[in-house]
Amino acid sequence: MSKPNLALVGATGAVGTVMIDIINSRENIWGEIRLIASARSAGKEIMVHGKPHTVVALSEEAFDGIDIAMFDVPDEVSEVWAPIAAAKGVVCVDNSAAFRMNPEVPLVVPEVNPFAAKSRPLGIIANPNCTTLTMMAALGALHAKWQLTELVVSSYQAVSGAGAPGIDRLQAEIAAVATNPAAGLSTDSVAKTLDAQGVSQADSPWATPIALNVIPVAGSLKDGGHTSEELKVRNESRKILGIKDLKVAATCVRVPVQVSHSLAVHATFAKPITVDEVRAELEAQPTVVVMDDPANGVYPTPAHVAGQDPTFVGRIRQAEDFPNTIDLFVVGDNLRKGAALNTYEIAELVAQELA
């Protein structure tokens, strides 16, 4: 078979821009690469593998001749257009939340469950949420050997999880609070400083300042007091790992970091497990980097991880009061492995199948 044709829907967005970088950095296994975006972005030229590609407007005709389409667009756009593309015979790899929990749509992490990509009755494959993805390469490897039974996760999520507006807001707030060395030292001093600098809270994606602060609500609030991000961690972990009764507790927090989500993971297994075994197993994973020498200041941080593809793991230790339980700290670039890279790797899996 000739090389499959690839479409990228949302080519000019935040994740789409990262996707272009990933495409350019990897072997060109594609026939045609077609860039698709909203009508207002149509006509823009973007370089892909050294050649200019003109962005075309999203339409049914835009999928003519395409074999695989990656969707990096909001849920409501994917809900409409992925089925349209799939009806034309296109395999759709969707990065939104629109189809993740649909029982007829596989939720795929290539390091963990690549086999799931082969069964796609709707012609759609879903990419997990960036928070869940941050820990999946590591947890998938550990589950395969020791059988995960319980999971407690606290996330520290970068503002880019809220898209470009999140990054812009943090930058505006940092510039404002830099004018007041006392900001953050007393009640509402950050808010007052922002107001004095003309940075209105009404323009923020969040109800409270993010600079010099953390916000204990990432995502939207749902029934029971959980957030959408917390429910995604629970439900998606179960689906990806194939553990329907996995016990999961999650608290998702927004922090003043531009890129890279961090997770404190407390994982309990059915079989006896040691720190040395965990470290050795993770070091053997091609997409995991172990940084675990805290006595010498070696551990993963968002500032170190940003812009890199692997999952970084450190602070590996046996929980003091919980048998067969490992605590670790995991960091991943939420725009790369947490979104664009995993989507692209799924597309590569499908391309291999179609070849």
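**Helix 3 and helix 7**

I began with the pair formed by helix 3 (residues 130-146) and helix 7 (residues 275-283), whose axes come within 10 Å and cross at roughly 120°. I am working with a predicted model, so I keep that in mind throughout. An angle from 65 to 115 degrees would count as roughly perpendicular and one over 145 as roughly antiparallel, and helix 3 and helix 7 are therefore oblique to each other. I noted their crossing as right-handed. Which residues meet here? From helix 3 I listed Ala138, Ala141, Leu142, Lys145 and Trp146, and across from them in helix 7 I found Glu277, Val278, Glu281 and Leu282.

**Helix 1 and helix 9**

Next I looked up helix 1 (residues 14-25) and helix 9 (residues 336-354), with axes that come within 9 Å and cross at roughly 55°. That angle makes helix 1 oblique to helix 9. I wrote this crossing down as right-handed too. On the helix 1 side, the contacts come from Val15, Val18, Met19, Asp21, Ile22 and Ile23. They meet Arg336, Ala339, Ala340, Leu341, Thr343 and Tyr344 in helix 9.

I then turned to strand 7 (residues 91-94) and asked which way its side chains point. Val91 and Val93 point one way, Cys92 and Asp94 the other, and I found all of them buried. I recalled that side chains in a regular strand alternate between the two faces of the sheet.

Strand 6 (residues 68-71) pairs with strand 7 in the parallel sense, over four bridges. Among the residues there, Phe71 has Asp94 as its bridge partner. I followed the chain from strand 6 through helix 2 (residues 75-87) to strand 7, and this β-α-β crossover is right-handed.

What about strand 8 (residues 124-126)? I saw that strand 7 pairs with strand 8 in the parallel sense as well, over three bridges.

**Leu107**

My last stop was Leu107, in the loop between strand 7 and strand 8. Is Leu107 buried or exposed? Its relative accessible area is 2%; buried means under 20%, so Leu107 is buried.

I also checked Leu107 against Ile124, which is 17 residues away along the chain, and their C-alpha atoms are separated by 9.6 Å. Leaving aside neighbours within four places in sequence, I found Leu107 in contact with Arg100, Asn113, Ala126, Asn127, Pro128, Glu236, Lys239 and Ile240.

Conventions: Residues are numbered from 1 along each chain as its sequence is written. This is a predicted model: local features need pLDDT of at least 70, side-chain atom pairs count only at pLDDT 80 or more; totals for chains, interfaces and linings use all residues. Side-chain values use heavy atoms; hydrogens and water are left out. Buried means under 20% relative accessible area, exposed over 50%, partly exposed in between (1.4 Å probe, protein chains only). Helices (H or I, at least four residues) and strands (E, at least two) are DSSP runs, numbered from the N terminus. Two strands pair if DSSP finds at least two bridges between them. A crossover is right-handed if, with the strands pointing away from the viewer, the path from the first strand over the helix to the second runs clockwise. Axes are lines fitted to C-alpha atoms, for helices over the stretch in contact, and angles run from 0 to 180 degrees between N-to-C directions. Angles under 35 degrees count as roughly parallel, over 145 as roughly antiparallel, 65 to 115 as roughly perpendicular and the rest as oblique. A crossing is left-handed if the near helix is turned anticlockwise from the far one by less than a right angle, and right-handed if clockwise. Contact means heavy atoms within 4.5 Å.
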